[in-house]
Amino acid sequence: MRTQVAIIGGGPSGLLLSQLLMRAGISTVVLERQTRDYVLGRIRAGVLERGAVEMLHRAGCGARLAREGIAHEGCNLSTVNGMFRVDFQARVGEAVTVYGQTEVTQDLYAAQDAAGAVIFHEALNVALHDLEGSAPWVSYEKDGQSHRIDCDYIAGCDGFHGISRQSIPAEKRTEYERVYPFGWLGVLSRTAPAAEELIYANHPRGFALASMRNPTLSRYYIQVPLSDNVEGWSDHAFWDELKRRLPADVAESMETGPAIEKSIAPLRSFVAEPLRWGRLFLVGDAAHIVPPTGAKGLNLAASDVHYLFEALQGAILERDDAALDQYAPRALKRIWGAMRFSWWMTSILHRFPGQSDFDQKIQESELLQLETLESAQVTMARNYTGLPY
Ligand SMILES: Cc1cc2nc3c(=O)[nH]c(=O)nc-3n(C[C@H](O)[C@H](O)[C@H](O)COP(=O)(O)OP(=O)(O)OC[C@H]3O[C@@H](n4cnc5c(N)ncnc54)[C@H](O)[C@@H]3O)c2cc1C
């Protein structure tokens, strides 16, 4: 088989890139290790920046998002001294959109189906070859048969555990990493959200987040030790702990119900460079991971796709190879901006094991500045709603 761009990974980055390229008349093949149902069932992100929303419209799959996405013009931060709101609209004239990653993925698959996209699920043992030459190719197995795809470029959209990043020689890679000493226990429930906007809580018992997907689907998180496991947390114990960390009035009136999904996610900041190796380009979680505190993972995947789409269009449609050199520097500038913001949000909102009284006072002072200084709110709102592309 031959295609112009082989895309490894059929998650949000891979599908969005494929959709944009196909609409520009560039051929793609997507290889995904899992089944489609598995990909569609993964409960993950839920907050979209304007840039990500615009990308989905550009890809021709924004109709349902426009109908069902909920605009949030601010968010709440709860501290030991009470709760305050950062008004994004007032501070920077922007908003974010609440719309689940599962819905984004579903819309992208629907658009890809309509466009006649070639997507192979359960593609196993994917391997990348001749990346540094002018004729790279990809091998994989499906249903016990070996296959080969010749291509001009390869987009590594296969997430943190994929093979694309590993295909760059280890001695040529630099990995920047911070692993946080706690995780997030998340619960999805078919209940009305606790509040109209998100509540980020800094509490002596640990961080909590009251979030949502839509008016009848809520997503909650609490900070837990990495040694905890999901089996150790009954629904009752989860709700009990969450309520202790949220403001009393919110906790009293909030609706609880059975968890329809419950999982623990470790928190990590990670960037791998280079983003380009010959004809391979790393995109989204394959190149970087942020702790979810800043709601940036899916949004960074969308901006990476934007930069790579422009680079590939330049190279393929205008025969301008120099356009490819622009991908990494443009994407990395935004990646590090989101890294800093996600790290900062994590550092001011969580209780760190061994946190000293000094650390505690600094954290309180950060939150007080955010509550009382307009300039601090402008910086927070600018980053939360998304740095410009
Ligand atoms: C619990 C949790 C909460 C999150 N919350 C938020 C949030 O609030 N806001 C936000 O913006 N982001 C959030 N994120 C991050 C967001 O979900 C990711 O950044 C996003 O999924 C990245 O998309 P991707 O397509 O780059 O990678 P992925 O979604 O990981 O997709 C990669 C795909 O590649 C496939 N694959 C892997 N290896 C191979 C292989 N060898 N061959 C073929 N295919 C392969 C995988 O099966 C997968 O389908 C969250 C993540 C988690 C885990």
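Student: Where in the chain is Arg 319 found?
Tutor: Arg 319 is in the loop between α9 and α10 (322–325). Helices here are DSSP runs of H or I with at least four residues, strands are runs of E with at least two, and both are numbered from the N terminus. This is a predicted model, in which local features need pLDDT of at least 70 and side-chain atom pairs count only at pLDDT 80 or more, while totals for chains, interfaces and linings use all residues. Residues are numbered from 1 along each chain as its sequence is written, and side-chain values use heavy atoms, with hydrogens and water left out.

Student: Is Arg 319 buried or exposed, and how do you know?
Tutor: Buried means under 20% relative accessible area, exposed means over 50%, and partly exposed lies in between (1.4 Å probe, protein chains only). Arg 319 has 73% relative accessibility and therefore counts as exposed.

Student: Which residues are joined by a cis peptide bond?
Tutor: Glu 273 and Pro 274 are joined in this way, with omega at about 5 degrees. Pro 274 is in the loop between β17 (259–273) and β18 (276–277).

Student: What makes Ser 18 a buried residue?
Tutor: The relative accessible area of Ser 18 is 0%, so Ser 18 counts as buried. This serine is in helix α1 (residues 12–23).

Student: How do you know that the side chains of Ser 18 and Thr 28 make a polar contact?
Tutor: A polar contact is a pair of N or O atoms within 3.5 Å; within protein, one must be able to donate a hydrogen and the other to accept it, and residues adjacent in sequence count only if both atoms are side-chain atoms. For the side chains of Ser 18 and Thr 28 the value is 2.9 Å. Beyond four places in sequence, Ser 18 touches Ile 7, Thr 28, Val 30 and Gln 112, where contact means heavy atoms within 4.5 Å.

Student: Why is Gln 377 called buried?
Tutor: Gln 377 has 6% relative accessibility, and therefore counts as buried. Gln 377 belongs to helix α13 (residues 374–385). Its side chain makes a polar contact of 3.0 Å with the side chain of Arg 91, and the backbone oxygen of Leu 370 lies 2.9 Å from a polar atom of the Gln 377 side chain.

Student: Is His 121, too, buried or exposed?
Tutor: With a relative accessible area of 12%, His 121 is buried. His 121 is in the loop between β8 (118–120) and β9. The side chains of His 121 and Tyr 109 are joined by a polar contact of 2.8 Å. His 121 and Glu 32 are 89 residues apart in sequence, yet 4.8 Å apart in space from C-alpha to C-alpha.

Student: Why are α9 and α11 called roughly antiparallel?
Tutor: The axes of α9 (residues 297–317) and α11 (residues 327–349) come within 9 Å and cross at roughly 165 degrees. That angle makes α9 roughly antiparallel to α11. The cut-offs are under 35 degrees for roughly parallel, over 145 for roughly antiparallel and 65 to 115 for roughly perpendicular, with the rest oblique. Axes are lines fitted to C-alpha atoms, for helices over the stretch in contact, and angles run from 0 to 180 degrees between N-to-C directions.

Student: At what angle do the axes of α1 and α9 cross?
Tutor: They cross at roughly 30 degrees and come within 9 Å. Among the residues in contact are Leu 16, Leu 17 and Leu 20 of α1 and Ala 301, Val 305 and Phe 309 of α9. By class, the contact of α1 with α9 has 12 nonpolar residues, 1 polar and no charged. Ala, Val, Leu, Ile, Met, Phe, Trp, Tyr, Cys and Pro count as nonpolar, Asp, Glu, Lys and Arg as charged, and the others, Gly among them, as polar.
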